[in-house]
Amino acid sequence: MTGTAQYPFTAVVGMDDMRLSLLLNAVSPAIGGVLVRGEKGTAKSTIMRGLAALLPDIDVVPGCRFACDPGAPDPRCPDGPHEAGAGAARPTAMVELPVGASEDRLVGALDIERALAEGVKSFEPGLLAAANRGILYVDEVNLLHDHLIDLLLDAAAMGSSYVEREGVSVRHAARFLLVGTMNPEEGELRPQLLDRFGLTVEVAASRDPEQRVEVVRRRLGYDDDPAGFSARWAAEEGALRARIVAARALLPEVVLDDVTLRQIAATCAAFEVDGMRADIVMARTCAALAAWDGRTEVTSQDVRQAALLALPHRRRRNPFDAPGLDEDKLDDTLEPFEDERGGDDDPDPGPDGGGGPGGGGVPPQGDAPAAESQPESPSDAGPDAGPDSGGPSEAPAEAPQAPRSGGGPGERAAVGAAEPFRTKVLTVPGLGDGASGRRSRARTEHGRTTGSQRPRGTLTKLHLAATVRAAAPHQRARGRSGPGLVVRRDDLRQATREGREGNLVLFAVDASGSMAARQRMSAVKGAVLSLLLDAYQRRDKVGLVTFRGRDAEVALPPTSSVDAAAARLERLPTGGRTPLAAGLLKAHDVLRVERLRDPARRPLLVVVTDGRATGSGPDPVALAARAARLHAAEGVAAVVVDCESGHVRLGLAADLARELGGTAVTLDELRADSIAGLVRDATATSQRRAA
């Protein structure tokens with residue numbers, strides 16, 4: 001903590017749903033945390049720091065690295081055993097988990113070298129230990145590796161973290177308020193991981209000038225005099241802190257009657273939510289809402305509010321589903337239970353009340369509007385997120401894209417995609433070193449053990465058999481006299497493992513007039529949509545280049561958001577000539593830039609075309625062949641999806657695939673249930689080149 005006063009939580013303008021969700025989790029951490037979805041520059045980090053400063057101090061056992069409660073110390077604490085007694089007060093910790101954190105940084109590290117060589121169990125706590133009894137904040141949680149998210153959510157659900165390395169294990173308490181933020185444009189979380197977050201809220205910057213003015217006024221006032229600004233909000237901060245303490249004390253007395261439980265069950269069933277976690281989270285949220293409002297009985301309004309916070313993200317079953325909840329359907333589901341309650345239980349929500357979204361209990365400053373937040377601190381916001389921006393520097397994925405002038409005459413309106421299907425697996429040949437995923441073979445931290453090597457730096461994955469083999473010849477020289485093996489640090493061997501990586505799948509889609517037949521283009525879009533779904537499941541980045549008329553354009557730069565790619569594909573118009581060479585050259589430029597940004601992520605180029613090439617120049621086919629050979633020379637794995645139809649076929653797509661050094665498949669062969677045999681792995685590429 002620095003000496004600068006934090007921006008007060010109560011000074012935030014609006015953001016009612018986000019503030020209420022955080023406060024409910026502060027009252028009842030068993031709810032399971034909050035996932036905040038929204039654009040950058042919407043005060044997410046500022047609100048989190050304000051919440052940490054707002055929460056009451058906690059008592060900890062002096063010297064305990066795991067923040068044990070002196071009144072009830074953890075009997076299995078690695079720093080224990082602790083005697084019950086007086087503790088030392090300290091502020092509630094807020095720990096930030098960076099996107100690039102390793103598994104050992106998150107859960108802690110066991111020193112296997114000391115355990116084997118010296119017989120000492122040495123454990124260095126990770127971020128989960130530091131966050132115990134505090135807040136764990138994960139910005140851009142959707143960009144974390146899946147196995148880290150699983151570890152994080154398992155610890156949040158169980159209240160403890162368990163670390164084991166080669167038979168040496170440590171367990172410690174890990175109870176924290178989990179908050180994750182994400183920008184959906186950068187990629188979605190899997191539905192299974194979304195379900196593990198208790199509540200979710202959507203945040204967006206207001207477009208109301210008056211609300212934005214109040215945001216800027218408060219932010220500038222804080223920047224000019226942080227201490228003075230915070231002092232003016234001290235009374236509101238104190239009142240809200242006292243309300244949190246009172247709600248925590250009241251929570252065990254809240255009664256969840258049968259009517260409430262039936263309302264919760266009926267709501268989850270009506271919205272076809274998978275599993276039972278939603279029911280449990282809604283029940284806990286209802287109890288927290290009642291305690292927050294100073295009541296011991298739950299109302300229908302509590303159930304409604306809990307549903308709005310706990311269900312939208314649980315209804316998302318595939319990457320192209322938008323999270324949300326039909327509020328009319330929700331009201332219809334709850335209405336039949338009103339007679340059982342007597343119809344008089346709905347509170348009158350207000351800015352300080354507990355029933356509705358405004359139940360944050362945060363008094364506004366003067367006549368400040370109540371539907372907006374201040375920008376994040378300068379360290380959080382990007383260069384375009386200044387006081388007068390209030391929103392992202394680029395349009396969201398759903399924003400319509402105006403067609404380029406290259407379409408020219410003959411442009412046809414976009415057609416819908418056919419029903420997606422399960423595709424056969426497209427892979428990149430060889431062994432990569434990219435980010436963990438599910439597509440191509442790669443050296444990874446997780447997977448099957450393939451060998452051993454001397455550790456470079458800290459030993460993380462011990463290869464026990466190789467270590468024993470290295471130590472065995474030296475036992476007599478080391479004076480071994482008992483049954484134990486004498487192991488030195490030089491004997492230790494690191495296990496090398498092979499798993500799967502995610503790739504960059506770049507689509508180059510022909511949108512020219514030769515593809516413009518409505519049924520044909522619908523089938524092509526359905527195939528690309530199927531490949532996008534496959535890329536989502538295999539943790540790939542995707543990009544989209546389209547070519548038609550006189551030129552090619554990057555419809556979507558490489559991103560982790562397949563939603564954005566699907567939206568751009570849906571709006572893709574067709575018509576004009578076929579500048580195949582321009583499309584391949586544009587794809588080459590995209591891959592060149594991406595190779596500089598992320599050299600470990602190997603690309604897979606998927607060209608969707610019938611192989612025809614027209615346009616300016618004396619020989620457009622030869623130009624396309626030259627452009628294709630640029631990719632082949634750089635070893636880019638390529639697949640051409642042949643969209644040619646009819647009884648008479650020219651085979652131009654197959655010719656293009658040969659120039660790319662890749663393979664050609666028809667739309668029918670792309671299906672996983674196709675009878676046609678298909679070899680995807682480009683070992684055939686190397687065989688052809690060797691020949």
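The accessible surface of this chain comes to about 30,500 Å², and carbon and sulfur atoms account for 51% of that. Keep in mind that what you see is a predicted model. The chain has 691 residues, and 52% of them count as buried. In secondary structure, there are 22 helices and 20 strands. On contacts: take those between residues at least 6 apart in sequence, and 79% of them join residues at least 24 apart.

The largest pocket holds about 1,100 Å³ of space. It is lined by 46 residues, and the closest to its centre are Leu144, His145, Asp146, Ala435 and Ser436. Which elements give two or more residues to this lining? They are helix H3 (103-107), helix H6 (146-158), strand E12 (436-444), strand E14 (494-501) and helix H17 (518-537). By class, the lining of the largest pocket has 19 charged, 15 polar and 12 nonpolar residues.

Next, the second largest pocket, with about 920 Å³ of space. Here 43 residues form the lining, and Pro29, Ala30, Arg175, Phe176 and Leu177 are the closest to the centre. Two or more residues each come from helix H1 (16-27), strand E7 (134-138), H6, strand E9 (168-173), strand E10 (176-182) and helix H12 (277-292). Note that H6 is on this list, and H6 also gives two or more residues to the lining of the largest pocket. How does the lining of the second largest pocket divide by class, and how many residues are nonpolar? There are 24 nonpolar residues, with 9 polar and 10 charged.

Terms used: Residues are numbered from 1 along each chain as its sequence is written. This is a predicted model: local features need pLDDT of at least 70, side-chain atom pairs count only at pLDDT 80 or more; totals for chains, interfaces and linings use all residues. Side-chain values use heavy atoms; hydrogens and water are left out. On a 1 Å grid over the protein atoms alone, a cavity is a set of points where a 1.4 Å probe fits but cannot get out, and a pocket is an open set with protein on both sides within 12 Å along at least five of seven lines; lining residues have an atom within 4 Å of a point. Grid points are joined across faces, edges and corners, and a volume is the space filled by probe spheres set on the points. Helices (H or I, at least four residues) and strands (E, at least two) are DSSP runs, numbered from the N terminus. Ala, Val, Leu, Ile, Met, Phe, Trp, Tyr, Cys and Pro count as nonpolar, Asp, Glu, Lys and Arg as charged, and the others, Gly among them, as polar. Buried means under 20% relative accessible area, exposed over 50%, partly exposed in between (1.4 Å probe, protein chains only). Contact means heavy atoms within 4.5 Å. Accessible areas come from the Shrake-Rupley method with a 1.4 Å probe; for residues, only the protein chains shown count as cover.
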